[in-house]
Amino acid sequence: MKIEAGEIITLSNDKEYICFSTAESDGKDYVYLMSNFKPLEIKFAEQFMEGEKVNVRIINEQEEKQKVLALFQKNN
């Protein structure tokens, strides 16, 4: 089961994030996450399945972040 918009997830840093939006490109599923705390944090991540478990890989590389941000802007 994939992470859907509106769901709250807890990352490995033990902080909660709300899935603001999801998008797909080139067979990859991406999530746009906003923190459920202040100061506000925005993160982009790729979500993928490992068996029955959903995992996320936070996107840290600037070029990849820009590509994913453009994807979300295009979808809205």
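# Aromatic pairs, sheet and salt bridges

Ring centres within 6.5 Å count as a pair, and by this rule there are five aromatic pairs. The model is a predicted one.

**Aromatic pairs**

Start with Tyr-17 and Phe-37. Their ring centres lie 5.6 Å apart. The planes meet at 80 degrees, so this pair is edge-to-face. Tyr-17 sits in strand 2 (residues 16-25). Phe-37 sits in the loop between strand 3 (28-35) and strand 4 (42-50). The two residues are 20 apart in sequence, so their contact ties together separate parts of the chain. Tyr-17 is buried, at a relative accessible area of 0%. Phe-37 is partly exposed, at 22% relative accessibility.

Tyr-32 and Phe-44 also pair edge-to-face. Here the centres are 5.0 Å apart and the planes are at 65 degrees. Tyr-32 belongs to strand 3 and Phe-44 to strand 4, so this pair ties together parts that are twelve residues apart in sequence. Tyr-32 counts as buried, with 17% relative accessibility. Phe-44 is buried too, with a relative accessible area of 11%.

Tyr-32 and Phe-44 are also members of an aromatic cluster, along with Phe-20 and Phe-72.

How are the strands ordered? Five strands make an open sheet in the order 1-2-3-4-5, and the pairing is antiparallel. Strand 1 (8-10) and strand 5 are the edge strands, each pairing on one side only. Neighbouring strands are turned against each other by 45 degrees on average, direction ignored.

Strands of a sheet pair through backbone hydrogen bonds, either parallel or antiparallel. Strand 3 and strand 4 run antiparallel and are joined by six bridges. A hairpin of six residues connects them. Within this pairing, Tyr-30 stands opposite Glu-46 of strand 4. Val-31 has Ala-45 of strand 4 as its bridge partner.

Strand 4 then pairs with strand 5 (residues 53-58), again antiparallel, over six bridges. Ala-45 stands opposite Ile-58 in strand 5. The hairpin between strand 4 and strand 5 has two residues between the strands. In this hairpin, Gly-51 takes a positive phi near 70 degrees.

Where does the helix lie? Helix 1 (residues 62-75) lies across strand 2, strand 3, strand 4 and strand 5. Helix 1 runs at about 80 degrees to strand 2.

**Salt bridges**

Side chains of opposite charge can pair when their charged atoms come close. How many salt bridges does a search of the whole structure find? The search gives four. Three of them are listed here, among them one from the segment before strand 1.

| Salt bridge | N to O distance |
|---|---|
| Asp-29 and Lys-2 | 2.9 Å |
| Glu-41 and Lys-15 | 3.9 Å |
| Arg-57 and Glu-46 | 3.1 Å |

Take the bridge of Asp-29 and Lys-2 first. Asp-29 lies in strand 3 and Lys-2 in the segment before strand 1, so the pair ties together parts that are 27 residues apart in sequence. Asp-29 is buried, with a relative accessible area of 16%. Lys-2 is partly exposed, with 40%.

Next come Glu-41 and Lys-15, whose side chains meet at 3.9 Å, N to O. This pair links two loops that are distant in the chain. Glu-41 is in the loop between strand 3 and strand 4, and Lys-15 is in the loop between strand 1 and strand 2, 26 residues apart. Both ends are partly exposed: Glu-41 has a relative accessible area of 24%, and Lys-15 has 35%.

Arg-57 and Glu-46 bring the closest N and O atoms to 3.1 Å. Arg-57 is in strand 5 and Glu-46 in strand 4, so this pair ties together parts that are eleven residues apart in sequence. Arg-57 counts as partly exposed, at 33% relative accessibility. Glu-46 counts as buried, at 14%.

Which residues form a salt-bridge network? Glu-46 and Arg-57 are linked with Glu-64 in a network of salt bridges. Glu-46 therefore takes part in that network from strand 4, where Glu-46 also stands opposite Tyr-30.

Notes: Residues numbered from 1 in each chain as written. Heavy atoms only, no water. Phe/Tyr/Trp six-rings, centres within 6.5 Å; stacked < 30°, edge-to-face > 60°. Helix = DSSP H or I, 4+ residues; strand = E, 2+ residues; numbered from the N terminus. Buried < 20%, exposed > 50% of the residue type's maximum accessible area, 1.4 Å probe, protein only. Pairing = 2+ DSSP bridges. Axes fitted to C-alpha atoms, helices over the stretch in contact; angles between N-to-C directions. Contact = heavy atoms within 4.5 Å.
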